[in-house]
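Subject: Structure handover

Hello,

Here is the structure I promised. Please load it before reading on; my notes follow below.

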Amino acid sequence: MSQETKCKPSIDFSELDSYIDSLSTLNGSLITVLHKAQDIFGYLPKEVLAHISERLHIPVSKVYGVVTFYSFFTTTLKGKYRVNVCLGTACFVRGAQDVLDEFKKELNIEVGKTTDDGLFSLDALRCVGACGLAPVVSVNGKVYGRMVPDKVKGIIKEYKDKEGA
């Protein structure tokens, strides 16, 4: 098969379209539609942004501007398990950087990257609002408080065990 005849797999927009069709109005719905799209696809690739732009009758530049402004949206595919290390002041002074460094070492990735197997992505956040538990790590929303580097291997193992790895 030649390169010209190979087709890029198309994205199935049916679930997103159903959601958009269920909205009572499209005015002011961009952020909720982006959240729904990210829930469906795991991230917001350019094809999804273009589709949302078309469906909501909004310039793609505006859609992209909103996505890049808010930190909870991502245009890159994240791992199945999204590890977030808080580097806010309370967490930082209690050793969060050492925890982050240990995650980088154990997962063999840098902040903002995803492991080759697609299981883990690693990000650093500013204050997650759990200062009393500092330093804090969250994995897909599950919070681990009073973290120390020695606990990192156990957290990674917990999620690898779920995968049977």
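Helices α2 and α4 cross in a right-handed sense. This is a predicted model. Helix α2 spans residues 30-41, and its axis lies 11 Å from that of α4, at an angle of about 70°. Angles of 65 to 115 degrees count as roughly perpendicular, so α2 and α4 fall in that class. On the α2 side, the contact uses Leu-30, Ile-31 and Leu-34. On the α4 side it uses Lys-62, Val-63, Val-66 and Val-67. By class, that gives 6 nonpolar residues, no polar ones and 1 charged.

Helix α4 (residues 60-69) also packs against α3 (residues 46-56). Here the axes come within 8 Å and cross at roughly 125°. That angle makes α3 and α4 oblique to each other. The crossing of α3 with α4 is right-handed. From α3 come Leu-49, Ala-50, Ile-52 and Ser-53. They meet Val-60, Val-63, Tyr-64 and Val-67 of α4. The α3 contact with α4 holds 7 nonpolar residues, 1 polar and no charged ones.

Which sense does the pairing of β1 and β2 take? It is parallel, over 6 bridges, with β1 covering residues 81-86. Strands of a sheet pair through backbone hydrogen bonds, in a parallel or antiparallel sense. Within this pairing, Tyr-81 stands opposite Phe-120 of β2.

A helix covers these strands.

Last, the rings. There are 4 aromatic pairs in the count. One of them joins Tyr-81 and Phe-120, with 5.8 Å between the centres and 40° between the planes. How is that pair classed: stacked, edge-to-face or tilted? It is tilted, because planes under 30 degrees apart count as stacked and those over 60 as edge-to-face. Tyr-81 in β1 and Phe-120 in β2 are 39 residues apart, so to speak a link between distant parts of the chain.

Best wishes

Methods
Residues numbered from 1 in each chain as written. Predicted model: local features only at pLDDT ≥ 70, side-chain atom pairs only at ≥ 80, totals over all residues. Heavy atoms only, no water. Pairing = 2+ DSSP bridges. Helix = DSSP H or I, 4+ residues; strand = E, 2+ residues; numbered from the N terminus. Axes fitted to C-alpha atoms, helices over the stretch in contact; angles between N-to-C directions. Parallel < 35°, antiparallel > 145°, perpendicular 65-115°, else oblique. Left-handed = near helix turned anticlockwise from the far one by under 90°. Contact = heavy atoms within 4.5 Å. Nonpolar A, V, L, I, M, F, W, Y, C, P; charged D, E, K, R; others polar. Phe/Tyr/Trp six-rings, centres within 6.5 Å; stacked < 30°, edge-to-face > 60°.
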